[in-house]
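Open the model in your viewer and keep the selection panel at hand.

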Amino acid sequence: MTAVSTVAALTDMTPMARALRLARQALGSTSPNPAVGAVVSKEGVVLGEGYTQPLGGGHAEIGALRQAGESSRGADLYTTLEPCCTFGRTPPCTRAIIGAGIRRVYLAVEDPNPLVLGKGRRELEAAGVQVQVSQGKDAETAGEIYQGFAKHINTGLPFVTAKFAMSLDGKIAAHTGDSKWITGPEARVVAQQLRRESDVVMVGISTVLADDPQLTARDRDGGPLTRQPLRVVLDSAGRTPTTAKLLQEPGKTVIAVCLGAPVDKIVRLEDAGAEVIQAPPDPDGRVDMNGLLEELGRRGVVNLMVEGGGIILGSLFDGGRVDKVMAFVAPVIIGGSGAASPVEGAGISRMADAWRLERTKMEQVGGDWIVTGYPKARG
């Protein structure tokens, strides 16, 4: 539903913090539209709340205004993204805000969509609505929520997050291939949240063959959620077994193979319920990543999380296609010269060419650490 609460006192958090929580709640279900949260309040009381519905559904501001009704007149609206001022699948939110008699609008960030950027704000101000843009933590939080949307709306490509779990000595499995579990249960809860917020979870065929993962978003009791991210497997030769767990789970699975992959394997995978995409090979004979990302972008994929293994992550780093890194680090030592590392590929020949992360932060979750950062542009 669009509206999500009844009238309530603002006792636990600020209106913008509530709006940001609602926006994050909608992540993964609205693409290619941005996930927005909105709160209408007056004199410390929440009159209405809303968040973006799946494609074609209502926008967050409209849900909040409808819930508040006539009480919206003279109230304040807190929204995580600049209200739209263009006609799309739904009418512009700016007109609804003006018509409802909202006195002030607080924005977490302006809309990175060139068709909206600054225009929604100016339309509101021209109608006498006061507009204020957030600074500090609220703006930073909103920026993280919309980093994928900003890339997709301006380039047509998904925002790629490289996520992996490793030991303190940089291993993702023992030399036998055993990898369950490197991190503790608290870190795995965070990993599940990341899946829920992603449009796509991608792995390589080596991960499928070694771990037979489900790749599903699950609740705290281990049950699969109703809404599942699209599962994508890079499998040049169509080696995914038809008995693979990811083909038995709810949701859709795409297997990306190279042109010329055995026809009988493609047919068996399709009969098992997978969608098979045939793509040109890259110089190494693997699925061309540029073409695949372009195809996923055309399908409205905004946030793509890559969960491994080392070959696919190495290819992405070699090609400069990683936008964000989330490394889960467990305080354990695995050792072994044959134990797998999270990132393989060609790598670098000089330390000066290493991908260095900026805007880094560390967070302890249970007994593990999550290191987050953004690869710094070279040159």
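For the class counts below, Ala, Val, Leu, Ile, Met, Phe, Trp, Tyr, Cys and Pro are nonpolar, Asp, Glu, Lys and Arg are charged, and the others, Gly among them, are polar. Keep in mind that this model is predicted.

**Stop one: the second largest pocket.** Its volume is about 830 Å³. Select Arg24, Glu144, Leu194, Glu197 and Lys324 to begin. Of the 28 lining residues, these five are the closest to the pocket centre. Now colour the lining by class: 12 residues are nonpolar, 7 are polar and 9 are charged.

**Stop two: the elements around the pocket.** Show the helices H1 (15-26), H5 (137-145) and H7 (185-196). Which element gives the most to the lining? Select H5, which contributes 5 residues.

**Stop three: the cysteines.** How many disulfides does a search of the whole structure find? The search returns 0. Select Cys84 and Cys93: their sulfurs are 3.7 Å apart, and Cys93 holds the nearest cysteine sulfur to Cys84. A disulfide needs the two sulfur atoms within 2.5 Å, so Cys84 is in none. Next, select Cys85.

Finally, check accessibility, with under 20% as the cut-off for buried. Are Cys84 and Cys85 buried or exposed? Cys84 is buried because its relative accessibility is 13%. Cys85, at 17%, is buried too.

Terms used
Residues are numbered from 1 along each chain as its sequence is written. This is a predicted model: local features need pLDDT of at least 70, side-chain atom pairs count only at pLDDT 80 or more; totals for chains, interfaces and linings use all residues. Side-chain values use heavy atoms; hydrogens and water are left out. Buried means under 20% relative accessible area, exposed over 50%, partly exposed in between (1.4 Å probe, protein chains only). On a 1 Å grid over the protein atoms alone, a cavity is a set of points where a 1.4 Å probe fits but cannot get out, and a pocket is an open set with protein on both sides within 12 Å along at least five of seven lines; lining residues have an atom within 4 Å of a point. Grid points are joined across faces, edges and corners, and a volume is the space filled by probe spheres set on the points. Helices (H or I, at least four residues) and strands (E, at least two) are DSSP runs, numbered from the N terminus.
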